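Good morning, colleagues. Please have the sequence and the model in view as I proceed.

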Amino acid sequence: MSEHDVAITGIGLVSSLGEGTDAHWQKLQAGGDAALIDCDRFAPYCVHPLPEIDWGLQIPKRGDQRQMETWQRLGTYTAGLALEDAGIKDDIELCASMDLVAAAGGGERDVEVDRSILAESERRNDRDVLINEKLTTELRPTLFLAQLSNLLAGNISIVHKVTGSSRTFMGEEGSGVSAIETAVARIRSGQSSHVLVGAAFQCEHPDMLLNYELGGFLHQAPWRPVADREAAPGGGVVTGSGAAFLVLESSEHAAARNRRAYAGITSVVSGRANRSDADRFENEILQMAHKAAGENDPELLVVSGASGAHRATLAELGAFGDMPSARLRCFSNMTGHLKEAQFPFAIALAALSISKNTAFPTFDANTESDFNGDLRSVLATSIGYNRNEGMALVTAS
Amino acid sequence: MTKYTDHLDRPIVAVTGFGVVTSLGTGKNENWRALTEGKSGIHAITRFPTDHLNTRISGMVDFLESSSKGPWELTYELAETAAVEATQQSGMDGDRFDGPLFLAAPPVETDWNTRFALNDMAGGEADDGYRRLLDVARRGDAKDAFERSQFCSIADHLADRLGTSGLPITLSTACASGATAIQLGVEAIRRGECQRALTIGADGSATAEALIRFSLLSALSTQNDEPEAASKPFSKGRDGFVMAEGSAAFVLESLENAVERGAQVLGIVRGCGEQADDFHRTRSKPDGSPAIGAVRAALEDAGMAEDEIDYINAHGTSTPENDKMEYMSLSAVFGERMKSIPISSNKSMIGHTLSAAGAIEAAFSLMTMLEETIPPTINYETPDPAIELDVVPNVKRHAMINSVLSNSFGFGGQNTCLVMTREAV
């Protein structure tokens, strides 16, 4: 079977930094000071909040908007940005034959309904009956669909008419890694000519924060850089709301429609390292970096998805400390941790940097060092805050 | 000489082991006996009180150790039980599978028992909702709950238990998930990424909240008085699906690898097809084109013509909408012949096992070929006059079946079809 090259021809981005590739490029070029952080609303936790979005620009029907919770709306919106950026958005045929791989968590629960059940539970012995009583009368019927993991993809099909294959992967950062890995494998093998792949995460919801904090993973205010959270109270993760979608194409497919690619993806490596031993974990990350990057230049820009979670971040920083060429840029300093969207976001930033032939400045001058090399390829990483990791080499095409 | 590649020169994918759990029992033999006897696993709900609920029946799996422990534990046990049956049958070392894992599973959130437990630990203002839960979490008292809140964790535990390789994929395509897991395994083998894959569909998430959510969408049958008669696909009086639990697992293997190691080939996954629907979140496009497209894509992928399908394992949920649309779509593909192709719905007996359905029904499709017996569609007393099908009514039928089409259609416009055959060519 002949191998096809994988080109990134469309990027959709939303984060606290704004929306679209230009806004992100400008804010990121300004370095650490451009980050937007809110440490009040969910104190003692900090979040990187969503910017104001005019949803109607990508989701014209208000009826469609109402059928989605914020994370679905955010993902559907960002998928629209990616399709537009790739010049595919209004091409009905290209959308209909396009494959879709989404990485998704669950949707935001109805906080008010949950609160009233918890409050009432203190006065009741028949809690099971209480659940029935409250949920049958207080849940909005369509909320279920607005929360279902696979309905992000479902809404993308409905709104943007992307109706080739549709797969939704679940499971925190690892699902984003698998989504990219699968999309790349499909194109390489000729199974797909063009794929929409990505994820969205909306952290500004107590239920979403709880999923991290049950494991003690959230950093507590005041905010500090990703690499400098180990001694601070909490578990090191500062979350962000955001989304990243990519249009990936075989290079022949892109050439046939005269699309210039941002960059190509030349390797994707995924893993499930045993993290019980710190040295072994660090070594596995280093091996993964060598495997993904191959023979690289004297300086290698690494767009790192390090979350700030103590053990994982320490291991990643340690591993790249043993790789003299690595020049780390921990973008969670700017956007917060985007969970399922972390890896697609990392790849998008790597591709942007290559297409501009310009490295990102340091996001944390104390731990990151200047880059003075050639930008032929950039390594993107996502080491899960608790489990699973992946890396990809993004290369000038 | 055996040919190991298909019409598109891809490795042929064989099934060398599979396992099943449903409300009818554990293991494919126990299930098959009940299924061919036309026995229903649908029963009154006992796991939680049914006060205030319009639907009080289900096909829950109530006989496993984890059945009362919560959706995470039960989904895990269902997956593990089916996987162990599958790997044993294939002759694999039970804890060193050494191929990738694809798990179709429901998005299992933190359950109410956990929320109540955290809330009780908190103290403080009673009306604080999530703030209290976050306070308890911040004190570090909730580590067990953390594991169950992570969507990657069931697959992670399975990967440890079964010794699968690499980063496992947990997926959801709603009610098509089980079929999608098989499809992902087939594709990985065809791409040459691996010689074998373990694919599992498991769903143990029939909680009160899940039932209420489906109920609020008017998707469930409310024929509570005679539970075993509530699921009546293609019948006139059908009024919704019956929520159920279960699992199925498959060892998929390149035919070449299976033959070389002397494994018994139980069947071939010949083709997979899918097409997303862009019409509505819960309803299908009125012209049925996405389902039609998915069936045709599966046939094309299998390199087979319409007249080569001997039997159809229907999605057949027993909702007014699905059964009508499935009939219409199949008629569009198979034409006049559709009236005489036997088609039956396992859901008439086991209910709708949601994330597991596509996998369980693929397992029963294989059994149909291996045992030369078509399981019936039970509760077929009053046919829907608008649906002219041979649904193998109420009683099993002996038949030599060489090929099966198995359909899975889900919320969010997910349509996935599998074509399975006895022989490779």
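Let me begin with a term: a residue is called buried under 20% relative accessible area, exposed over 50%, and partly exposed in between, with a 1.4 Å probe and protein chains only. The model before you is predicted, so local features need pLDDT of at least 70 and side-chain atom pairs count only at pLDDT 80 or more, whereas totals for chains, interfaces and linings use all residues. Residues are numbered from 1 along each chain as its sequence is written, chains are lettered from A and ligands numbered from 1 in the order in which they are written, and side-chain values use heavy atoms, with hydrogens and water left out.

I turn to the cysteines. A disulfide is a covalent bond between the sulfur atoms of two cysteines; here the term is applied to a pair of cysteine sulfur atoms within 2.5 Å. Over all chains, the structure has one disulfide. It links A:Cys39 with A:Cys46, at 2.2 Å from S to S. The link of A:Cys39 and A:Cys46 is right-handed, with 100° about the S-S bond.

Are the two partners buried or exposed? A:Cys46 is buried, because its relative accessible area is 3%. A:Cys39, at 21%, counts as partly exposed. A:Cys203 is in no disulfide, and the nearest cysteine sulfur, that of A:Cys46, is 11 Å away. A:Cys203 is itself buried, at 0% relative accessible area. A:Cys95 is buried as well, at 1%.

On a 1 Å grid over the protein atoms alone, a cavity is a set of points where a 1.4 Å probe fits but cannot get out, and its lining residues have an atom within 4 Å of a point. Grid points are joined across faces, edges and corners, and a volume is the space filled by probe spheres set on the points. The structure holds six cavities of 30 Å³ or more.

The largest cavity contains about 190 Å³ of space. Its lining comprises 18 residues, and those nearest its centre are A:Gly105, A:Gly106, A:Met208, A:Asn211 and B:Phe151. Which element gives the most to this lining? Helix 10 of chain A does, with three residues.

The second largest cavity holds about 80 Å³. Among the residues that line it are A:Met170, B:Trp72, B:Arg148 and B:Phe151.

Thank you for your attention.

Notes
On a 1 Å grid over the protein atoms alone, a cavity is a set of points where a 1.4 Å probe fits but cannot get out, and a pocket is an open set with protein on both sides within 12 Å along at least five of seven lines; lining residues have an atom within 4 Å of a point. Helices (H or I, at least four residues) and strands (E, at least two) are DSSP runs, numbered from the N terminus.
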